[in-house]
Amino acid sequence: MGSDIVIVGTGHGGAQAAIALRQQGFEGSILMIGRDSEPPYERPPLSKDYLAGEKAFERLLIRPREFWAERQVELMLDTNVAKVDPAAKELTVSGGATVSYGTLIWAAGGDARRLSCPGAQFAGVHAVRDKADTDRLRAELAAGARRAVVIGGGYIGLEAAAVLRKLGCDVVVVEMLDRVLARVAGEDLSRFYEAEHEAHGVTVLLQAEVEAIEGEERVTGVRLTSGETIVADIVIVGIGIVPSVGPLIAAGAAGANGVDVDQFCRTSLPDVYAIGDCAAHANAYAGGAVVRLESVQNANDMANAAARAIYGDPQPYEAVPWFWSNQYDLRLQTVGLNLGYDAAVLRGDPKERSFSVVYLRGGQVIALDCVNKTKDYVQGRKLVEARAVIAPELLAEAETLKELL
């Protein structure tokens with residue numbers, strides 16, 4: 001069997017690639033191959049509304065189930081791609097079957113990074129990467145699990161911690177670095193979120209490393225290198241992802257951290273594109289540095305760029321990155337990339353739970369983190385896009401960022 005275009009991955013990037021191709025007028029055959037058992041659905045709610053039981057799964061679907069058949073997009077679910085043969089233009093999938101392609105779009109995302117310590121395989125140790133992960137976690141909560149340890153103080157871990165507190169769990173966050181969100185945010189934001197979680201009853205342990213998961217087949221606790229053991233019914237591991245690019249790299253694609261793509265999302269293999277979490281690209285908003293971005297925005301915009309290139313209307317991927325996180329009644333909106341920032345300007349007072357942090361590099365506005373401050377996010381985005389150079393004192397004192405444009 002085969003298809004004119006085969007898309008590997010049924011997340012945001014894969015789904016948008018298929019949608020964009022049909023919108024561009026592509027009339028050939030499209031096949032989407034996914035490991036998931038469900039048609040394409042949104043991933044961010046898995047650690048937020050869906051985990052909390054506030055949003056039904058059907059509301060997570062990127063398009064209604066019948067949409068794909070109506071657009072003549074074939075879905076091959078519960079299927080893993082084991083091998084790519086770029087010379088034969090052929091994939092080997094679960095069970096040994098082969099699928100031929102004219103053009104391949106690799107949108108496989110990544111797998112949750114697992115703990116490597118003893119006990120990591122015990123029941124009760126969870127990732128939050130797909131619906132099945134969250135369903136297992138919800139089932140254990142429904143069965144009475146109430147003592148939770150969250151390993152990793154990034155967005156996934158903190159979002160899950162906020163939901164678990166809302167559900168009445170005792171929650172301990174274990175972060176090996178000296179602050180939460182250390183890899184993605186400045187210190188002002190990190191300290192604010194640490195204080196917020198502690199105010200909601202979460203225990204936040206910094207510079208704490210996990211030595212082992214304790215228990216017998218099922219987790220009973222988390223032992224730290226300090227010797228302390230935290231009693232636990234459930235453990236959530238949020239320590240990043242490993243890009244799912246093994247078959248592409250084995251086939252000869254260039255890449256170290258993910259798979260490398262050019263400005264049109266093309267890999268080094270002929271007629272093979274890669275988009276989303278797994279695609280390493282030179283990003284204009286990172287000063288031209290090669291980065292992987294794990295966001296819905298990046299997946300969707302790369303999908304659009306790949307679809308245009310395939311359809312014969314190539315336009316380089318140059319979208320401004322943006323991201324969001326919901327924790328408690330706090331809405332964080334981020335625009336730009338703060339990589340290599342040398343100054344951070346605080347606008348407003350974190351004690352009022354509405355403020356923003358503006359990041360500068362060489363005097364240029366490169367990113368903003370905005371907490372419950374949508375106006376700064378909207379206006380700050382224009383500053384990032386304009387590569388505006390503005391004095392820190394003006395950024396701090398201006399009533400609105402609009403007046404600085």
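Trainee: Which elements each supply at least two residues of the lining of the second largest pocket?

Mentor: Those are α2 (49-52), α5 (155-166) and β21 (322-327). Helices (H or I, at least four residues) and strands (E, at least two) are DSSP runs numbered from the N terminus. This is a predicted model, where local features need pLDDT of at least 70, side-chain atom pairs count only at pLDDT 80 or more, and totals for chains, interfaces and linings use all residues. Residues are numbered from 1 along each chain as its sequence is written, and side-chain values use heavy atoms, with hydrogens and water left out.

Trainee: Which one gives the largest share of that lining?

Mentor: α5 does, with four residues.

Trainee: How do the lining residues divide by type?

Mentor: Five are charged, four nonpolar and two polar.

Trainee: Switching topic, where does Tyr 328 sit in the β21 and β22 hairpin?

Mentor: Tyr 328 is in the turn, with a positive phi of about 55°, and two residues lie between the strands. β21 and β22 run antiparallel, joined by six bridges; strands pair if DSSP finds at least two bridges between them.

Trainee: What else does β22 bridge to?

Mentor: β25 (residues 364-371), also antiparallel, through five bridges. There, Thr 334 stands opposite Asp 369.

Trainee: And is β22 mostly covered or open?

Mentor: Mostly covered: six of its seven residues are buried, meaning under 20% relative accessible area with a 1.4 Å probe, protein chains only.

Notes. Ala, Val, Leu, Ile, Met, Phe, Trp, Tyr, Cys and Pro count as nonpolar, Asp, Glu, Lys and Arg as charged, and the others, Gly among them, as polar. Buried means under 20% relative accessible area, exposed over 50%, partly exposed in between (1.4 Å probe, protein chains only).
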